[in-house]
Amino acid sequence: MENPFEARKSKAPRATRLLAIDAWIDSSLYEAGFKAREAWENITIFFRRFRVTGWRRALVELGSEGFTLGTLGTIVMLALALPAFEETAKDWRSQGDYAVTFLDRYGNEIGQRGIIQRDSVPVDEIPDHVIKAVLATEDRRFFEHFGIDFIGLARAMGENVRANSVVQGGSTITQQLAKNLFLTNERSVERKIKEAYLALWLEWNLSKKEILQLYLDRAYMGGGTFGITAAADFYFDKGIKEVNLAEAAMLAGLFKAPGNYAPHINLPAARGRANVVLSNLVESGFMTEGQVLSARLHPATAIDRGSQDSPDYFLDWAFEEVKKIAPKNGPHALVARTTIDLNLQKAAEESVEFNLRQHGQAYRVTEGAMVVLENNGAVRAIVGGRDYARSQFNRATRAQRQTGSSFKVYVYTAAMEAGFTPDSVISDAPISWGGWSPRNYGRSYAGRVPLSNALIRSLNTVPVRLAKDHLGIPAVIETTKAMGVESELNGHKTMVLGTSGMTVMDQATGYLTLATGGFVGKRHGITQLLTHSGDIVYDYGRDGPEPRRVVSEQAAASMNSILVQIPEIGTGRRAALPGIRSAGKTGTTQAYRDAWYVGFTGNYTAAVWLGNDDYTSTRNMTGGSVPAMVWQRLMEYAHQNVELKPIPGIENPFIDKPSDAAVASADGENGEAAQEERPSVLSARTTRLLSEMSGEFRNAPRLEVPPGPETLSSL
């Protein structure tokens, strides 16, 4: 048996050690606290020597607050700029990878894209008067600043105040290059912050000579040309080394606004701008008045390039497509046969511009975009904006805008794939989904309605109920992606009413799936790639992807049976074609920021978007108003003198005018009125005849004017 005394004796040293440890911890903490207080007191006593009072204290406080706010502002600005820096990780120098000559669907040359390194003249070899003309006008202190010129900015602001208008810009060449390489033409504070940071990044990573070289090679110069070397050839049929001072001044004047000052479009304006450049040369001290006098007296004249406009938005998109499909180890100087139809391209541009001129001010809308596909998948036209010279940002292929009710087509297609039919009945009643309670436009509900009626009337609660109770968001996303949409969908429940952004090209591609009866993979803009010696390196029929069915024939037919009623008795009545059945859907986003009409016939599919670049609201413009009219004007032209094909699932491509009772019974997406009667456009035959007559008159010899009375009296 263990002795209790011995047990207590063995525990005593252990208790003593624990007490010693506890005492050491307590004393250490006390000493550390004492020393910390002592150190803080010493620091306080030290800084009391610098204490200021009176007006000096006010200055110190202001400086302190300014430093704090400046630090916070820098952090915010850096956070805004971080997404822009992601662009620098890409191969942003790669414009020279390919040099492509593009042909239209009939084999006519329509433009070029890309630049081979040997086509770029080094800065050291460009004439001195050309460089001086550019620097005097665009950035006189280019070699003195580090990307941002505060002195030049102050000077420009002073000149603008004196002139009471914007006569000078404060952006440096580096800032302009940053915008051209990485950003868009969007006018916003965020974009200017990104531009400033990227300008500093360019100055840090490139030499001044490299920055100037890129600027001269990449800037858009009008006429579908990029770079001052290409512009010299296009406007004067000369190499850049051969241009004189007058021509150099005219070229330097194009950097600001090539659409306004392109000499082949507006020679007087180009000469006026060139005279401003010559004055800049004198004011900057680069040249004397005597040196520029000859250029003032003998202004440059551009060669006649004809009236053929280059389809630049299409070419930009097609150039990116070439980079995707061209053999990686093959030749880089190529000829691309494209699918563009210049007649449809011009008709699409005219329809967008005509309707914006007619209705833009009333609806407070400034921009539009359109994509036209033939139902075999060929891209026939792309309108990326109203004026390529003012903005090269392609709103048809790059801008992702909310789709509004036009997205409901994807939701209903998923429902048809899940076994629903146009006659399936769903409740149109108030619904809540995770705190979200969408309502119909008129704040009223129809009760139990067939799906066909719900889509024709563009009811909001029905697609929400389908997604919430029957389909699920993943199924809707899967169907949308399967139909060829490449835009990233946000996956939020509000997506079913079109809050996720999509491009116009994606919208046209998605609806094309229904226009083809359920097949995807047909969209293409390049039919062949050839070398300049005629060797075929890519052929769409041979190398293109095989179309595949992603929507069942029955589901596509069911959707088409509903969509054909929307232009006839639904929200898209302004898109109705005379005597031809068409299918389509309107779309209007929150606060009327975006308006869509996407539709198709048995022959063509087209998507139209109208809105503003700065995301400001329009004046109550809906998809069933101006976008539907843009679509209708183009499609009426496109279907003249062509063999009409039926829409899959719709046997007859022709239709009689719907009865007044049927029209009156349909509810508009936003209470829109019935389509106004408008005269048809000219037939294709009449258009060709008038064009031929115009050509004959243009080429006819000038008539001799008979002598007048004064001449007769002198004989």
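**Burial, salt bridges and strand pairing**

Modeller: In helix H5, the buried residues are Ile173, Thr174, Gln175, Gln176, Leu177, Ala178, Leu181 and Phe182. The model is predicted, so local features need pLDDT of at least 70 and side-chain atom pairs count only at pLDDT 80 or more, while totals for chains, interfaces and linings use all residues. Residues are numbered from 1 along each chain as its sequence is written, and side-chain values use heavy atoms, with hydrogens and water left out.

Colleague: Why is helix H5 called largely enclosed by the rest of the structure?

Modeller: A helix here is a DSSP run of H or I with at least four residues, and a strand is a run of E with at least two, both numbered from the N terminus. Buried means under 20% relative accessible area, exposed means over 50%, and partly exposed lies in between (1.4 Å probe, protein chains only). Eight of the ten residues of H5, which spans 173-182, are buried, and the helix is therefore largely enclosed.

Colleague: What makes lysine 208 and glutamate 203 a salt bridge?

Modeller: The term requires a side-chain nitrogen of Lys or Arg within 4 Å of a carboxyl oxygen of Asp or Glu. The closest N and O atoms of lysine 208 and glutamate 203 are 2.9 Å apart, and the pair qualifies. Lysine 208 has 17% relative accessibility and therefore counts as buried; glutamate 203, at 7%, is buried as well.

Colleague: How do you know that arginine 523 and glutamate 486 form a salt bridge?

Modeller: Their closest N and O atoms are 3.8 Å apart, which falls within the 4 Å limit. Arginine 523 lies in the loop between strands S10 (519-520) and S11 (526-531), and glutamate 486 in the loop between helix H18 (473-482) and strand S9 (501-502), so the pair ties together parts 37 residues apart in sequence.

Colleague: What makes S14 and strand S15 a pair?

Modeller: Two strands pair if DSSP finds at least two bridges between them. Six bridges join S14 to S15 (residues 594-600), and the two run antiparallel. Threonine 586 has tyrosine 597 in S15 as its bridge partner.

Colleague: Which strands make up the open sheet, and in what order?

Modeller: The sheet has five strands in the order S5-S4-S16-S15-S14, with antiparallel pairing. Its edge strands are S5 (379-383) and S14 (583-588), each of which pairs on one side only.
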